[in-house]
Structure formats: C-alpha cells, structure tokens
Amino acid sequence: ALSPTPHVHNHIEIVLMEAGSTVATADLIDVTVEKGDLFIAFPNQVHYYIDKERPATHSILMVSPDMTPEFSRIFKTMIPKTPLMKNAMDNSRILTAIKGMLECRSSNGEYAETEARGCMLILLSELFRNLEFTEKAALDHDIVKDIIAYCYDNYSSDISLQSIAANLHISRCYI
C-alpha cells in the first residue's frame with residue numbers, strides 16, 4: 001500500500017497508477033497521479049500519498065540507486081522538477097521495463113538480477129528522457145541518514161531537536 005505517512009529512504013520509489021488516483025507529494029510538490037501516470041521519488045526525497053479514490057491499484061518499485069551506477073550523478077545532484085510523468089502507460093518502453101522488473105522480482109533464476117538491472121536501465125533512460133531536472137540543494141546525506149537512524153533507534157523516547165543535536169554532535173540550527 002502507498003504510505004500516507006511522510007517518509008524518506010535511500011531508494012528510488014516508482015509508482016505506476018493502474019486504476020484510481022492518489023495525491024502524491026515529493027519534497028512539498030503535490031501532484032495528482034491518475035490511471036496511466038507514473039510517480040517517481042528520488043533517494044532522500046520526503047514523499048507520501050493520499051488516495052483520492054478507493055480502490056487505487058498500482059505497481060510499486062523500490063530500487064537501490066546502486067543498481068544503476070550509470071545514473072549516480074543524476075541521483076546525487078538532481079531532482080525532477082515534477083515527480084509526475086503523465087500517461088506513462090502509453091509509453092511501451094516504460095510499460096515493458098516495469099513489467100520486466102516486476103517479473104524479475106518474483107524470479108530467482110540465475111540471471112534475474114542482471115535482467116532486473118537491464119529493465120531498470122531502460123526504465124530510467126526513458127524516464128530521464130521525458131523529465132526535466134533541477135539541481136538539488138546541497139545537503140549532507142550522511143547527516144540526514146544519521147538523524148533518521150537516531151530517530152528510528154530512539155522513537156520510544158522523548159526526541160527533541162536538542163537531544164538529536166547533542167547525541168550527534170551537530171548544531172541545532174544545522175539540523
């Protein structure tokens with residue numbers, strides 16, 4: 001299911017809406033994802049979903065950017081101007097690549113990982129050809145990961161900005 005809770009992780013999250021619709025948010029940019037559309041959240045982008053219609057049917061891919069080192073520069077320095085690609089299901093290359101990724105997920109064959117990587121390269125190549133990018137703000141991702149890990153490890157405690165700063169030895173203002 002698509003999470004209504006804002007979250008962040010270091011994976012690429014791709015959602016292809018097959019029926020219904022949802023409002024998806026990535027870094028405070030709200031888009032309506034309708035049947036046939038594709039939503040992409042880059043690594044370390046805060047994102048979440050609010051279904052507009054029930055039932056919303058979708059395919060979701062969560063992929064490590066390490067799977068496609070050819071695109072590491074893009075993932076490190078850029079983000080899409082909009083996380084939405086309208087009518088992505090009309091693009092046969094995107095549709096074939098996503099179906100291939102989903103099939104590889106359920107396969108444990110000798111070449112499943114290689115096939116999945118090939119499908120992901122095709123998918124990202126086609127997406128990047130159709131999306132516009134902007135440079136992302138400079139951010140120290142190791143610190144972000146440390147903050148998230150601290151919150152995860154201490155969620156049952158009273159977490160404050162001051163406690164995070166003190167335990168991680170960084171400025172409250174920087175956080």
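View 1. L16 stands opposite L38 in β4. Strands here are DSSP runs of E with at least two residues, helices are runs of H or I with at least four residues, and both are numbered from the N terminus. β1 and β4 pair in the antiparallel sense over 4 bridges; two strands count as paired if DSSP finds at least two bridges between them. A word on what you are looking at: this is a predicted model, in which local features need pLDDT of at least 70 and side-chain atom pairs count only at pLDDT 80 or more, while totals for chains, interfaces and linings use all residues. Residues are numbered from 1 along each chain as its sequence is written, and side-chain values use heavy atoms, with hydrogens and water left out.

View 2. Follow the 4 strands in the order β6-β1-β4-β8, with antiparallel pairing. β6 and β8 (84–85) stand at the edges with a single partner strand each, so one side of each has no neighbour in the sheet.

**View 3. Two helices on the sheet.** α2 packs on the sheet and touches β1, β4, β6 and β8, its direction making about 70° with that of β6. α3 also packs on the sheet, touching β1, β4, β6 and β8, and its direction makes about 80° with that of β1. Touching, or contact, means heavy atoms within 4.5 Å. The angles run from 0 to 180 degrees between N-to-C directions, with axes fitted to C-alpha atoms, for helices over the stretch in contact.

**View 4. The largest nonpolar core.** Which residues have the most contacts inside this core of 27 residues? They are I14, L38, I40, L123, L124 and L127. Two or more residues each come from β1 (12–19), β4 (38–41), β6 (57–63), α1 (72–77), α2 (92–105) and α3 (112–130). The largest share, 7 residues, comes from α3. Such a core is a set of buried Ala, Val, Leu, Ile, Met, Phe, Trp, Tyr and Cys residues joined through side-chain atoms within 4.5 Å. Buried means under 20% relative accessible area, with a 1.4 Å probe and protein chains only.

**View 5. A closer look at I14, and a second core.** Leaving aside residues up to four places away in sequence, I14 touches L38, F39, I40, S59, I60, L61, M120, L123 and L127. A second, separate core of 12 residues includes L2, V15, V33 and A56.

Terms used:
Buried means under 20% relative accessible area, exposed over 50%, partly exposed in between (1.4 Å probe, protein chains only).
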